[in-house]
Amino acid sequence: MITVHMIGNAHLDPIWLWRKEDGVDAVLATTRSACDRLDEYPEFIFTCSTSWYHRQVEMLAPALWDRVRRFVAQGRWQLVGGMVVQPDCNLPSAESFDKQLELGQRYFERAFGRRTSVGYNVDSFGHTAWLPQRLRRAGIDAYCFMRPGPHEMDLPADFFRWQSPDGSEVTAFRIGSPYCYAATDLRAHIERAVQFLPPGVEHAMCFYGVGDHGGGPTKEQIEWLLANGGDPLGGGSVRAIFSHPRAAFDALAKQNVTLPLVAGELQHHAVGCYSVERRIKLSMRFAEGRLMQAQQAADWLAPNDDGLQADLDDAWESLCFNQFHDILGGTCLWNASTLATGELIAAGAKANDALTAVTRRAMGDLSKPGEHRIVAANPADREFTGFLTHEPWVRHGAEALDFQLFDEQGQPVPTQTQDPSYMVCSTQLLFPLTIPARSRRVLELRMTPKRDAGVSPALDVPLDQSTEVKESTSQPDAGKMPASREAPALDAPQGLLRIDGDTFAAGDVRLIVGERDLRINDWRLRLDVVDDPTDTWSHSAGNRFADETLGAFAWSQTAVANNGPLRADVRSLGQFDRSLAWCRAMVHKDSDALSILLRVTWAQARQRLCLRLIPPSPIRERTDLVSGGPLSRNLNGCEYPLGGGMIVRCGAGGLTLAAPDVFSANATPEAVTLTLLRSPLVAHHDPFDPARRPDHPVTDQGSHEFHLTLWPTATLTPPQLIRHVDQHLMPPVVWDAT
Ligand SMILES: [Zn+2]
């Protein structure tokens with residue numbers, strides 16, 4: 001006899017094709033409906049996830065809230081999930097998953113006096129390999145999900161042991177037939193639920209109820225179950241009972257059956273969601289970085305400040321809410337996405353304020369009259385080593401001054417000045433520094449009149465003035481060769497760059513800017529534009545994008561923008577159709593890395609911007625950084641979410657890539673392709689014909705910045721790469737103490 005546990009639920013997206021306020025209304029309506037059904041049918045059990053959902057009822061409808069609490073105490077309102085929302089399960093960092101679980105479980109504990117041990121993200125678009133590890137740490141040993149579905153990923157059975165790379169396991173259940181089910185006759189739905197059970201397992205789960213915009217089980221469904229639950233399929237081999245996930249997992253455990261093992265990530269679904277709506281993803285990453293660093297600073301400098309922790313938790317709560325699967329997945333209405341972006345930036349800004357307050361409160365007495373001091377604090381629990389930039393506030397006349405930093409022992413710190421982020425006055429200092437974990441350095445800045453006032457350390461020497469940007473032209477002529485380049489006579493013998501024709505070299509790094517590609521040592525980099533007629537989710541793409549390249553950006557106006565003793569920059573202007581890209585390639589002293597800052601003004605619609613990295617010999621192996629840690633992946637051309645960078649091996653060497661603001665990539669032996677931008681119509685779902693709405697908003701047009709670091713001569717270890725990415729997202733806090 002197989003027992004089918006009928007899971008009455010109402011999937012409710014707080015934001016999707018409706019506004020957040022509509023989501024709140026749907027929460028109240030759904031809760032009222034579920035409570036009415038619980039009153040009417042003593043057998044009925046309702047399953048409900050997320051702290052955000054319950055918090056709305058608590059805040060807005062006290063009488064309804066009392067009813068919910070009563071049903072929770074009776075065990076008929078079952079709490080699952082244990083997170084703030086059902087988040088996107090690919091892009092949030094491990095720290096964010098921990099916070100989702102900490103805040104969600106803490107709320108359940110406070111509001112209901114209990115936690116949940118069942119994870120529950122039934123609509124999220126795929127799951128990072130490290131999620132079982134994070135779930136287990138939060139006391140969760142079972143997990144319900146639906147995507148990827150059976151047509152998207154083969155799994156041995158609906159129940160299986162799901163394992164992270166570190167060996168952490170949860171018992172997982174894939175909902176084989178949708179979590180939303182509105183029909184009254186549940187027979188076909190139950191039939192499907194018993195089809196993919198592991199051998200020997202006599203329990204299944206079947207989710208029913210109106211959903212997506214809330215709703216829940218209908219009276220008709222409940223009455224159908226009351227009438228037919230004893231033998232829903234005929235033949236007497238199956239029974240369907242009102243139940244909930246914990247009961248199903250417990251019944252399964254009692255059977256003592258060894259379930260099949262599935263190790264690693266659960267992919268793919270809606271591969272376009274890994275990259276679309278970059279403003280949301282970027283704002284999320286900004287907020288995560290600020291919050292993690294503010295938390296580090298609070299732990300270090302203000303461990304007993306409960307008010308500060310409450311402020312940070314408020315900001316985390318907002319961040320966690322906006323990691324909701326349709327928000328972070330980039331599939332919401334335009335206005336809803338705009339509001340979510342604002343909330344994410346506000347959460348990051350609040351953390352930034354906290355970071356400023358904590359560091360200044362603890363180190364505000366470091367000024368010394370007559371000295372211009374610069375403080376650099378490292379709240380991280382590991383040493384910082386690298387270059388820092390700082391723009392000291394200096395009144396007018398900075399261009400006539402030399403700047404030199406000195407350390408605590410009065411020894412000079414190598415210092416380079418370069419263009420500041422504003423266009424008049426002052427300067428930007430660049431200097432190498434080591435700061436131990438949870439520590440600070442105090443440097444002294446001395447300013448003296450420039451000795452050789454005629455020579456600027458930042459050179460700006462155009463190499464090719466014959467190539468001017470043409471306005472709104474079609475793709476430039478592919479057969480045209482770049483104009484010849486002559487090495488400029490640089491009056492900067494201390495500069496890092498060696499220049500020979502169109503080759504710029506520093507240390508072991510060699511850069512050549514061609515018309516169609518950048519060559520970095522033996523690797524070629526090309527900025528390609530690819531046709532992309534898919535909808536916002538890329539539903540029609542399956543697990544990989546079609547690759548119909550329309551053309552590559554053409555480069556011109558290559559110039560040395562900076563050639564100092566610590567850093568040298570080469571810049572170039574790229575153009576494709578109506579889109580432009582300024583590329584600045586930078587080398588640092590004693591480093592074998594090349595940093596790239598790409599500033600793109602993107603004007604394309606229903607096209608993709610891809611950065612291709614083409615190796616000198618076929619790629620053999622690939623390790624990606626994903627949420628939670630490193631992960632080996634296939635070179636199969638499938639699109640995958642990316643969480644910071646990639647390490648690839650080919651020939652005798654390889655390449656390491658840090659790409660903290662790129663969220664999606666694919667790789668084959670022939671190339672790594674980073675999906676930088678996608679521009680489908682906003683919330684466009686097949687089969688709607690976009691030609692009917694030519695003025696509908698397009699995602700991700702406008703200005704974007706990308707920061708990449710490439711090590712073309714070495715492969716870093718994953719911990720080394722993670723450290724570099726962390727240092728980029730959470731650089732030491734630097735300020736003037738004057
Ligand atoms: Zn959903």
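Here is a short chat about some strands and domains in this predicted model.

Student: How is the protein divided into domains, and what separates the centres of domain 2 and domain 3?

Tutor: The division gives domain 1 (2-268), domain 2 (273-363), domain 3 (388-455) and domain 4 (498-692 + 705-735). Taking the centres of domain 2 and domain 3 over C-alpha atoms, the separation is 31 Å.

Student: Which strands stand at the edges of the open sheet of five strands?

Tutor: Let's read off the order, S4-S5-S7-S6-S10, where the pairing is mixed. Each edge strand has a single partner strand, so one side of it is left without a neighbour in the sheet. That picks out S4 (118-121) and S10 (261-263).

Student: In what sense do S4 and S5 pair, and what is the bridge partner of Val-118?

Tutor: S4 and S5 (residues 142-145) have four bridges, and they pair in the parallel sense. For Val-118, the bridge partner in S5 is Ala-142.

Student: Which helix packs on this sheet?

Tutor: Look for a helix touching S4, S5, S6 (159-163) and S7 (169-174). Its direction makes about 125° with that of S4. The helix is H8 (residues 245-255).

Student: Is S34 mostly covered or exposed?

Tutor: S34 covers residues 653-658, and five of its six residues are buried. So to speak, the answer is mostly covered.

Notes:
Residues are numbered from 1 along each chain as its sequence is written. This is a predicted model: local features need pLDDT of at least 70, side-chain atom pairs count only at pLDDT 80 or more; totals for chains, interfaces and linings use all residues. Two strands pair if DSSP finds at least two bridges between them. Helices (H or I, at least four residues) and strands (E, at least two) are DSSP runs, numbered from the N terminus. Two residues are in contact if their C-beta atoms, placed from the backbone, lie within 7 Å. Axes are lines fitted to C-alpha atoms, for helices over the stretch in contact, and angles run from 0 to 180 degrees between N-to-C directions. Domain bounds come from an automatic or database domain assignment. A residue is buried if 20 or more other C-beta atoms lie within 10 Å of its own, exposed if 12 or fewer, and partly exposed in between; C-beta atoms are placed from the backbone.
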